[in-house]
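Look at the structure first, then read on.

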Amino acid sequence: KAVKALADYVIQRNFPQWVNQDNKYYLMLENCVLKTAKMIAQWQSVGFNHGVMNTDNMSIIGDTIDYGPFGFLDAYDPEHICNHSDANGRYSFKNQPSVGLWNLNALATSLTSLMSNDDLIRALKQYEPEFIHQFRHIMASKIGLEEYQPDDEQLINQLLELLQINNVDYTIFFRTLGEFTQSNQAIRDQFIDREGFDAWAKKYSARLAQQSLTDQQRQQNMNAVNPKYVLRNYMAQASIAAAQKGDYSEVNLLLEVLQSPFEEHPQAEKYAGLPPDWADQLSVSCSS
C-alpha cells in the first residue's frame, strides 16, 4: 500500500497526463529508463563525471541530484575517478552508463508489487539501445556530421582511442575540431602520435566530403554542441579561494560564462585553455 501510494503521488505530481491510464506505473518506469539513458549519454558526450551515482541520487523524472564530487574530464581518460573516496572506481567515467542501468534495476525491484516481471523487464531492456542511440547521434554531431551512419561508429571510436592514448584535453579538442582542415597544425599538435592523427584525419576528411555543408556551417553546428567552457575543478577552487578573501569577481565571472558555455567570452579566455599544472593535485569527495 505504501509503494502504491508513493507511486500514485509521483505520477499525480510529475505526470498528471497518466493518472487515469491503466498502465501508468509502466509509463512512469519507462519514462525514467529513457530519460536516464539520454541524460547519461549527454554526460558522456561532454566528459561529465557525476562521482556519486548512488540510487538515492537519481531522480524518478530522469534527472539527477547531489552534485558533490563531480568533475569534467581534462585529458580524455575513461578510467577517470573524480571522487577520491571511490577507491574501486565504481563510479568512474566509463562505468556511468552501466551504473545508470544498475540503478534502474533497483528502482524496478521496488515496483514489483505494481507491475509484472515481464513489464519490468520490457521497460529495462529499452535502456541500452536508447543510450547507444543517443550517444551515437550526439557524438556524430560533435564531429560535425549532419546524420549518423553505421560506419561512423568506427570513426568515433578510433578518435576516442586516439584522445586517450595521446592524453588530449577532451573539451579543447572538440571545440577546436570545428576549425578542422587538413592543414590545421593546431589540432594536429594536440597529439603526440601525429601520424596516428593524420590517418584518422584522412578518414574524417573523406566523411566530411560526403556532406553539403560549408566549413563555416559545420563549425557553427559544432560550436553549438561542443562547449568552449566547462567547470573544471581548478576554476572552482580559484573562485572559492578568492571568495574566501571577500572577492566574488571570479564567482560572478564563472556564473556568467557557465550560463552560456558555448558562446565566446573574451573576458574569460583564461578558462578556455589547458588547466594549470597544479590542477592535477586537486581531489574532491562527498564532503567537498
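How many residues apart are F197 and W200 in helix α9?

## A pair within one helix

F197 and W200 are three residues apart in helix α9 (residues 194–208), so about one helical turn separates them. The model is predicted: local features need pLDDT of at least 70, side-chain atom pairs count only at pLDDT 80 or more, and totals for chains, interfaces and linings use all residues. Residues are numbered from 1 along each chain as its sequence is written, and side-chain values use heavy atoms, with hydrogens and water left out.

The rings of F197 and W200 form a tilted aromatic pair, 6.0 Å centre to centre with 35° between the planes. Rings of Phe, Tyr and Trp (its six-membered ring) pair if their centres lie within 6.5 Å; planes under 30 degrees apart are stacked, over 60 edge-to-face, and the rest tilted. Both F197 and W200 are buried. Buried means under 20% relative accessible area, exposed over 50%, and partly exposed in between (1.4 Å probe, protein chains only).

## Aromatic pairs across the chain

The whole structure holds 17 aromatic pairs. One of them joins Y76 and F93: the ring centres are 6.4 Å apart and the planes stand at 85°, so this pair is edge-to-face. Both residues lie in the loop between β2 (71–72) and α3 (96–110), so the pair ties together parts 17 residues apart in sequence. Y76 has 10% relative accessibility and counts as buried. F93 is buried too, at 3%.

One aromatic cluster includes Y76, F93, F197 and W200. Among its other members are Y170, F173 and Y204.

## Charges over rings

Two arginines deserve a look. The charged end of R90 sits over the ring of W102, 4.9 Å from its centre. R122 lies over the face of Y26, 4.2 Å from the ring centre. A charge sits over a ring if NZ of Lys or CZ of Arg is within 6 Å of the ring centre and within 35 degrees of the ring normal.

## The chain as a whole

The protein chain has 12 helices and two strands. Helices (H or I, at least four residues) and strands (E, at least two) are DSSP runs, numbered from the N terminus. Along the sequence, the pattern is α-α-β-β-α-α-α-α-α-α-α-α-α-α.

The C-alpha trace spans about 65 × 55 × 35 Å along its principal axes. Of the 288 residues, 45% count as buried.
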